[in-house]
Amino acid sequence: MLEVEQLHFEDALEDSPHSRHLLLVFEKDAMMIKKYSQNMQNCCQRIMSAQNELCSATQSLAQLLRSYEHQDFPLEYGDSVLAITLRQFATFLDDISSVHQVLAQQFSETMIYPLNKFLQADMEEITTMHEMYKIASNEHEQSISKYMKQTIKKDDKDRVEINREIHANRKRFHQTALHYYSSLNALQFKKKCFLLEPIMGFLHAQRTCFQMGQDMMVKSDIEQFLGNIGSSVQEVHTELAKETQKTVEIIETIEKQSQHKYFAEPPPDMPFIPPNTNLSNITGYLFCRTKQVLLTAKWERLYFFTQGKFLMSQPKEEVIKNPEFAGSLVIDLSDEGIVVESCQIDDRRHTFQIVSSKKTVILQAENYRERDEWIATLNNIIREREFTKLAPAPSKKKDSSGQSTENISAASNTQTGPNQSTVASISTTASSETLILDTPIQFDLISPSEENRAVSSPQSGPPKRVNPFDQASSIVLNPAFDNAAFSETFTTRFLGSMEVKGDRGEQLVHSTIRQIMAARAIHNVFKMTESLMVVSSEGMRLIDPSNNIVRVEFALQDISFWSAHPDNNRLFGFITRNRTLAAPGSTDGKPSEADKNQNASPSFSCHVFESNTTAEDICQAISTATKVAFQALMKRESEHHS
């Protein structure tokens, strides 16, 4: 069985943001296949045109050779040897022209025809299905919105009519989606043969008709290669036939099983399906009520899901535009006194509310079964969290500044002040090979140890040290920094930093960026500290642009790795080696013996930033600074030895 990526037909009706994003990947793949096939068609058409031109040119040359004897050359008499020889050459050229003509015909049948069929039939079918899918999706969304606006007092006849309209539109959308998924899945098989068949036909035509190339084409390795390709193409055709039959059966089965889902509110003649009240997590679309100006309310359809003790939401359009969007926090289900219950509001049906001491969230489901399942599931999560609170409190850890901080599963949503850092610990489901589990994430440049430290902030003069990363005074503010041979300045915003296990690796940096961005989205951390990042051959500085204060300084030897995000050219991160802190009471900035023993193994942190310019420019500047510093070091060593 060939390993071919496929869309899941079971997800077609739910139409979740994740399914839409996966569908976009397949659509992008289809468009790239179409573009690639068109380019291949152009190249093959050039070969076909060249072959036809070669055949025509050979015929013209043969006719020209025959016309020699009919020329009235003053010094040529009768049938000369030259005329006879040219006439014989013309006969040979006629044979060669016939070969080229047969070759051109085979090119048309074995190379051009499969490509034209693939583009005009298969790719055009996918394009048509794409348009039909968009139309069906829009009609489905409009009918749902129309249905959800129906009031309780609305006439049953109108509600039944709208319900039938939803049934028709939803069924049409589901059937269109299933066939669209089927076409995209089949394309993954077809591209493995339809892109090979023209080339295989080209080679076969050359071997069969172009005798002058037999010595080159008839080789054991080419024979074996063509045989293998032919077998592979035949195998793909066989698998495609099996998959087509299997797809037809799956579509029929899913359509039968999804009959009750086509109706927003199942009619009385359909079998009763009770709500499942034993769920521990739930996902699906709900309408959410939000207040507008002048005390008006707006109902918006969002995709809701539970993640641990949090109720999250995702707009479908936002996920399509930004696949890395992790969702917005709706409410924390672990809040004290939280209540989930049905309610009556705005004269809408199947509404329920989540009430806590901080906020009230009002939602609307399509029918009573969905409403009851949401209420039961959220109450199950609340009861589970209340039971968990009875467990012993987690132990406290010492942070790098010696202060005791408690590892919690989520950060507070309270906005941080200028001398307070926001911290959230990573979920224990993170990969233990790249990230340290339960490691706090620092979202602010100012560490907790700076809360009670008085710092003068002149508006002019040389930069002064604030030391937000608790670096000892002996390892910051390099006096040679201002006279560096290389220096570039960038405007950046600090997104967060966390401890990591390794000191290098693109995957480690990219994984840390994803963790920090997801944590900021989950905990609604919007604040970003802007700094001027000065990259020079003496080190790196982060300077407060408002008062010219140096927030932190890194030596180049402490920066072990840097990388830009592959999908967002404004995000980048770099890994630094954490310096050992000076002991309390030490005046020389050196660590005590106890600290040396305790911190024998080095530790590393990854810091993530967003830049105004492209992140590649900053990474290139760090690379250049490192090269300049290394060259200067080698020059000093050479002068010292000499």
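Predicted model: local features only at pLDDT ≥ 70, side-chain atom pairs only at ≥ 80, totals over all residues.

Biologist: How many helices and strands does the protein chain have?

Modeller: There are eleven helices and 19 strands in the protein chain, and of its 642 residues 42% count as buried. Taking the contacts between residues at least 6 apart in sequence, 68% join residues that are at least 24 apart.

Biologist: Which residues have the most contacts inside the largest nonpolar core?

Modeller: That core has 27 residues, and those with the most contacts inside it are Leu23, Tyr180, Leu184 and Leu187. The elements that contribute two or more residues to this core are helix H1 (17-66), helix H2 (81-148), helix H3 (156-194) and helix H6 (220-257). Of these, H3 gives the most, with nine residues.

Biologist: And what does Leu184 touch?

Modeller: Leaving aside residues up to four places away in sequence, Leu184 touches Leu7, Leu23, Phe26, Glu27, Ala30 and Ile126. There is also a second, separate core of 22 residues, and Phe486, Val552, Ala564 and Ile622 are included in it.

Biologist: Switching to rings, how many aromatic pairs does a search of the whole structure find?

Modeller: The search finds nine aromatic pairs. In one of them, the rings of Tyr133 and Tyr180 have their centres 5.3 Å apart and their planes at 40°. This pair links distant parts of the chain, since Tyr133 lies in helix H2 and Tyr180 in helix H3, 47 residues apart.

Biologist: Why is the pair of Tyr133 and Tyr180 called tilted?

Modeller: The angle between their planes is 40°, and planes under 30 degrees apart count as stacked and those over 60 as edge-to-face, so the pair falls among the rest, which are tilted. Both Tyr133 and Tyr180 are buried.

Biologist: What about Phe494 and Phe609, how are their rings arranged?

Modeller: Phe494 and Phe609 form an edge-to-face pair, with 5.3 Å from centre to centre and 65° between the planes. Here too the pair links distant parts of the chain, with Phe494 in strand S13 (residues 487-500) and Phe609 in strand S19 (residues 604-611), 115 residues apart. Both Phe494 and Phe609 are buried, and together with Phe554, Phe572 and Phe574 they form one aromatic cluster.

Biologist: Which residue lies over the face of Tyr285?

Modeller: That is Arg301, which lies over the face of the Tyr285 ring at 4.1 Å from the ring centre.

Biologist: OK, strands now. How do S13 and S19 run, and how many bridges join them?

Modeller: S13 and S19 run antiparallel and are joined by eight bridges, with Val500 standing opposite Phe604 in S19. S13 is also joined to S14 by eight bridges, and these two strands run antiparallel as well. In that pairing, Thr492 stands opposite Ser531 in S14.

Biologist: And where does the chain go from S14?

Modeller: A hairpin through two residues joins S14 to S15. Strand S14 (residues 529-536) and S15 run antiparallel with five bridges between them, and Val534 stands opposite Arg541 in S15.

Biologist: How many residues of S15 are buried?

Modeller: Strand S15 (residues 539-544) is mostly covered, with six of its six residues buried. Gly539, Arg541 and Ile543 point one way from S15, whereas Met540, Leu542 and Asp544 point the other way.

Biologist: What is the bridge partner of Arg541 in S16?

Modeller: The bridge partner of Arg541 in S16 is Glu553, and the side chains of these two residues are also joined by a polar contact of 2.7 Å. S15 and S16 run antiparallel, with five bridges joining them. In their hairpin, which has four residues between the strands, Asn548 takes a positive phi near 65°.

Biologist: Is Glu553 buried or exposed, and why?

Modeller: Glu553, which sits in strand S16 (residues 549-554), has a relative accessible area of 6%, and buried means under 20%, so Glu553 counts as buried. Its partner Arg541 is buried too, so the polar contact of 2.7 Å between their side chains joins two residues that both count as buried.

Conventions
Residues numbered from 1 in each chain as written. Heavy atoms only, no water. Core = buried A, V, L, I, M, F, W, Y, C linked by side-chain atoms within 4.5 Å. Buried < 20%, exposed > 50% of the residue type's maximum accessible area, 1.4 Å probe, protein only. Contact = heavy atoms within 4.5 Å. Phe/Tyr/Trp six-rings, centres within 6.5 Å; stacked < 30°, edge-to-face > 60°. Lys NZ or Arg CZ within 6 Å of the ring centre and 35° of its normal. Polar contact = N/O pair within 3.5 Å; in protein donor to acceptor, adjacent residues only side chain to side chain. Pairing = 2+ DSSP bridges.
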